[in-house]
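Reader: I should like to examine the grounds for several structural assignments. Please begin with the terms on which they rest.

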Amino acid sequence: MAATAETQNAEPILELTVPVADAYSHILTPEALTFVAALETAFGDRRDALLEARMERQARYDAGELPDFLEDTRDIRSGDWTILNTPSDLQDRRVEITGPVDRKMMINAFNSGANVFMADFEDASSPTWDNMLSGQVNMHDYARGTLEYTDPKSGKHYEMGKNPAVLKVRPRGWHMQEAHATLNGSPVSAGLFDFGLYAFHNAKKLMERGTGAYFYLPKMESHQEAKLWDDAFSLAERMLELPHGSFKATVLIETLPAAFEMDEILFALKDHIVGLNCGRWDYIFSYIKRIGGNANYLLPDRSQVGMGEAFLKAYSLLLIKTCHRRGAHAMGGMAAQIPVKNDEAANEAAFAKVRADKDREASNGHDGTWVAHPALVPVALEVFNALMPQANQIHRTRDDLTITREDLLEPHKGTTSEEGIRENIRVGVQYIGAWLTGRGAVPLYNLMEDAATAEISRTQIWQQLKHGAKLSDGRQVDRALVNDLYADEMTGLKDAYGAEGFASGRLKEAGDLFLDLIYASDFKEFLTTPAYELIK
């Protein structure tokens, strides 16, 4: 039986297209659905227009235009202003851990020793209905101090420790829809759905506990998109009778256009923002997506695209300078390494890479960093504790830096290799397969991968095909070469998984989708959009 909710004036109506399971009935109440309906009514059309504006901008890029700082917002960039404030429990964010909204993994993340835990409804979660709603149940229980879990197989009990990390929640991006909730027959914004349910049920409870409803906002491409979130926050605060500025967000700068609008994004969310974050993997994906049609911006193998050089170095330094000038935190990027069982040498090599990465971030002026696994929390803490003894280093304004448009566009130098293509095929197909079976955070080859990695994998091959990239041995990347490598890698996966595991892992479907994406004449914005059609 479908559920509906009406606002006070009897319109609009939010309809759920699936039955409401008993486990979710306290989340999908008429009042909560009314709240989400009000947000969608107020902002749904604006969201659609902003997504269309992305495509209009992309058409200009495809015609040869390149991203640049905006002339009509020069006054914002030159103005002397700061963000409103940062709550006391977000002043020290030196190590943040991220992960899906799975109950056991959440408890482990809360107890990891990190300062902040970002519970991810987006790239680290496959957006099945059950995943999204069970995640909301977990948030509801956390806000009320009842989050615990007993593993039905092992009998092991998990409960919150005495000093858990501060919670931040990442709702899905503006580009995603929630197919199971419709307004006037159309799917609603997945981001407003995630935010609305979480805020409605938990904001007041969290504030009563001395914290607040804190968010990470993903994949925005403009300050207009940031202003849409700001207006949604303000409306929600009024409807919930909360003081203006109660909701606080950190924005992930993980798209190339957004890097040219960091001041403007901070200004648009001025009363609701506490910082920006370097979402490095999605940023590489966005760089290829937005300007990769231009052969001058062909990137080498992903392993050669590091944060210490070229456009990635420039954007991370500009983020620090921009944030600190405005009194905001400048958060570093992800360390995706995970422990290697029974291999101390491999572990030490991985941890050494993490230390070097975090040393670069802390030395440059970042106020904190991300890790994907609890075992990396002490590694990152050690580095930041040594180089940043105070809560943050917002005082380091980095006036010594001048970052130009050319710096932000400079491609990395390097080579394209057969092994790089093979790795992209292996990682992309296996990740998509896991996503189709309901898992969004996937350990592959000693890294914790999320949707951004699969996006890079398929995007790189698409770009290499488009420009006929040359391998280091002189061969050209063409469809015949990719077909041969793909067939060989899929045979390897069948051998590794076995017939039953290959089928249950949906790797054939994943491979078909991967091929569709890399051979598409027009670049597809997000792989999760067609993949969602296979799981919803």
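Author: Buried means under 20% relative accessible area, exposed over 50%, and partly exposed in between, with a 1.4 Å probe and protein chains only. Helices (H or I, at least four residues) are DSSP runs numbered from the N terminus. The model is predicted: local features need pLDDT of at least 70, side-chain atom pairs count only at pLDDT 80 or more, and totals for chains, interfaces and linings use all residues. Residues are numbered from 1 along each chain as its sequence is written, and side-chain values use heavy atoms, leaving out hydrogens and water.

Reader: What makes H14 largely enclosed by the rest of the structure?

Author: Of the 19 residues of H14, 16 are buried, so the helix is largely enclosed. Just after H14, Gly 438 has a positive phi of about 100 degrees.

Reader: How do you know that the span of H14 agrees with what a helix of 19 residues should give?

Author: The expected span is 1.5 Å times one less than the number of residues. For H14 (residues 418-436) this gives 27 Å, and the end C-alpha atoms are 27 Å apart, so the two agree.

Reader: Why is Cys 323 called buried?

Author: Cys 323 has a relative accessible area of 0%, and is therefore buried. Cys 278, at 1%, is buried as well.

Reader: How do you know that Cys 278 is in no disulfide?

Author: A disulfide is a pair of cysteine sulfur atoms within 2.5 Å. The nearest cysteine sulfur to that of Cys 278 belongs to Cys 323 and is 8.3 Å away. A search of the whole structure finds zero disulfides.

Definitions and conventions: Helices (H or I, at least four residues) and strands (E, at least two) are DSSP runs, numbered from the N terminus.
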